Amino acid sequence: MKKVSLKLKSSLSPVSTMVRDPNNSLKIFISLLIVTIFIILSGGCLGTDLQNGPQSDFIIACTIPPQEEFIRAITGNEEVSVLVMVPQGASPHTFEPTPSQIAALEKADLYLSLGSGIEFENRWLSRIQNQYPKLPIVNTSKNVHFLPASHDSHDAQDMTDLIHENGNTERNDPHVWVSLRNAALIINESCGAISGIRPEMKNSFEINRDVYLRKLSDLDNTILQSLKDRSSQTILVYHPAFGYLCRDYNLTQLAVEENGQEPSAQKLAEIVTRAKEEGIEYVFTEPESSTREAETLAREINGTIILISPLASDYLENMHRVAQKISGTL
Ligand SMILES: [Zn+2]
């Protein structure tokens with residue numbers, strides 16, 4: 001406080017000489033006192049946050065924003081710092097981490113990976129493991145039944161059978177988290193891994209997990225109901241991120257991109273024909289990617305684009321929004 005009054009005295013002296021009325025100068029003095037105290041206090045808080053870095057010494061790293069909601073749902077009131085490697089708005093297909101992000105992993109207790117063959121993890125997980133050999137990296141999709149990448153989901157069962165028969169390890173659809181049922185499996189694995197680091201908290205983590213799993217299952221039922229009486233079964237998406245969601249609700253994903261590539265003119269023409277035949281008026285596209293091509297396609301079919309993000313950090317709310325947009329357009 002001593003510092004505050006000293007500062008005020010020097011900054012006030014020119015003002016008080018200009019103001020004749022002693023009442024006025026008192027008001028000005030009090031206003032300036034309040035402003036100065038506020039500036040000093042807020043500056044102090046900011047300084048503390050910047051200096052201390054993560055508030056907790058329990059640090060869990062993961063790949064994409066929806067996983068932060070899973071981790072926080074499990075850990076509940078336990079103080080935990082979550083390092084999300086691919087930040088909100090970036091694409092896990094193309095994002096490259098900064099050196100400071102990699103350096104921050106030095107203090108991490110655990111890395112929860114998606115384990116679905118998403119490019120960020122393909123490129124970076126082994127490098128991270130080499131740099132930090134003691135960091136446990138746990139694959140949270142161990143129990144997920146993968147779909148093959150980039151195909152129309154009505155063929156899913158055939159393709160999956162084919163993979164089992166041939167032992168073929170063709171590329172999986174990496175968008176595992178875009179399914180409430182897969183999310184439940186991912187959360188189970190995550191809970192086991194987190195409990196392994198803090199075994200004394202296992203019970204409360206499992207209670208928290210079960211509360212969140214109930215929310216997932218309630219939303220799953222709500223979506224099932226909302227999609228029950230639809231007239232069409234096909235959704236046209238630019239980027240094929242919704243294969244697992246379509247599997248869950250017996251929808252067909254008609255995707256424009258294939259293996260991250262722009263479609264050929266012939267494929268595009270086929271898509272336009274099919275969309276017109278099936279009366280599709282909407283092109284779903286993501287805020288994380290360019291919408292220019294999707295807009296061109298929408299014009300071709302006399303339709304409009306609808307933005308949905310599979311990567312939003314408010315996972316449960318976002319999945320509800322995604323389902324509402326889909327059911328509203330079928
Ligand atoms: Zn994607």
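**Strand pairing and helix packing in the predicted model**

Strand 1 (residues 59–62) pairs with strand 3 in the parallel sense, over three bridges. Two strands are taken as paired if DSSP finds at least two bridges between them. Helices (H or I, at least four residues) and strands (E, at least two) are DSSP runs, numbered from the N terminus. The model is predicted: local features need pLDDT of at least 70, side-chain atom pairs count only at pLDDT 80 or more, and totals for chains, interfaces and linings use all residues. Residues are numbered from 1 along each chain as its sequence is written.

The chain has 12 helices and eight strands. Of its 330 residues, 31% are buried. A residue is buried if 20 or more other C-beta atoms lie within 10 Å of its own, exposed if 12 or fewer, and partly exposed in between; C-beta atoms are placed from the backbone. Contacts between residues at least 6 apart in sequence were also examined, and 64% of them join residues at least 24 apart. Two residues are in contact if their C-beta atoms, placed from the backbone, lie within 7 Å.

Ala61 stands opposite Tyr111 in strand 3. In strand 2, the bridge partner of Ala61 is Leu83. The chain passes from strand 1 through helix 3 to strand 2, and this β-α-β crossover is right-handed. A crossover is right-handed if, with the strands pointing away from the viewer, the path from the first strand over the helix to the second runs clockwise. Strand 1 and strand 2 (residues 81–84) run parallel and are joined by four bridges.

Strand 3 (residues 110–113) is covered on both faces. Leu110 and Leu112 are buried on one side, Tyr111 and Ser113 on the other. Strand 3 also pairs with strand 4 (residues 137–139), in the parallel sense and over three bridges. Here Ser113 stands opposite Asn139. Together with helix 5 (residues 119–131), strand 3 and strand 4 make a right-handed β-α-β unit.

Helix 3 (residues 65–75) packs against helix 8 (residues 202–226) at an angle of about 125°, and the axes are 6 Å apart. The angle makes helix 3 oblique to helix 8. Axes are lines fitted to C-alpha atoms, for helices over the stretch in contact, and angles run from 0 to 180 degrees between N-to-C directions. Angles under 35 degrees count as roughly parallel, over 145 as roughly antiparallel, 65 to 115 as roughly perpendicular and the rest as oblique. Helix 3 contributes Ala73, Ile74 and Thr75. These residues meet Phe205, Asn208, Arg209 and Tyr212 in helix 8.

Strand 5 (residues 234–237) runs parallel to strand 6 and is joined to strand 6 by four bridges. Leu236 stands opposite Leu254 in strand 6.

Helix 11 (residues 292–300) has Ala294, Leu297 and Ala298 as its buried residues. They cover an arc of only 105° around the axis, which puts them on the same side of helix 11. The arc is that of the directions from the helix axis to the C-beta atoms. An α-helix has 3.6 residues a turn, so residues three or four places apart point the same way. The buried residues of helix 11 pack against strand 7 (282–285) and strand 8. The face turned away from this buried side carries the exposed residues Arg292, Thr296 and Arg299.

Two asparagines have positive phi. Asn302 follows helix 11 and lies in the loop between helix 11 and strand 8. Its phi is about 55°, although Asn302 is not a glycine. Asn302 is exposed, with 9 other C-beta atoms within 10 Å. Asn250 has a positive phi of about 55° and is not a glycine either. The place of Asn250 is in the loop between helix 9 and strand 6. With 13 C-beta neighbours inside 10 Å, Asn250 counts as partly exposed.

Arg247 is found in helix 9 (residues 243–248). Arg247 has 22 C-beta neighbours inside 10 Å and therefore counts as buried. Its C-alpha atom is separated by 8.7 Å from that of Ser179, a residue 68 positions apart along the chain.
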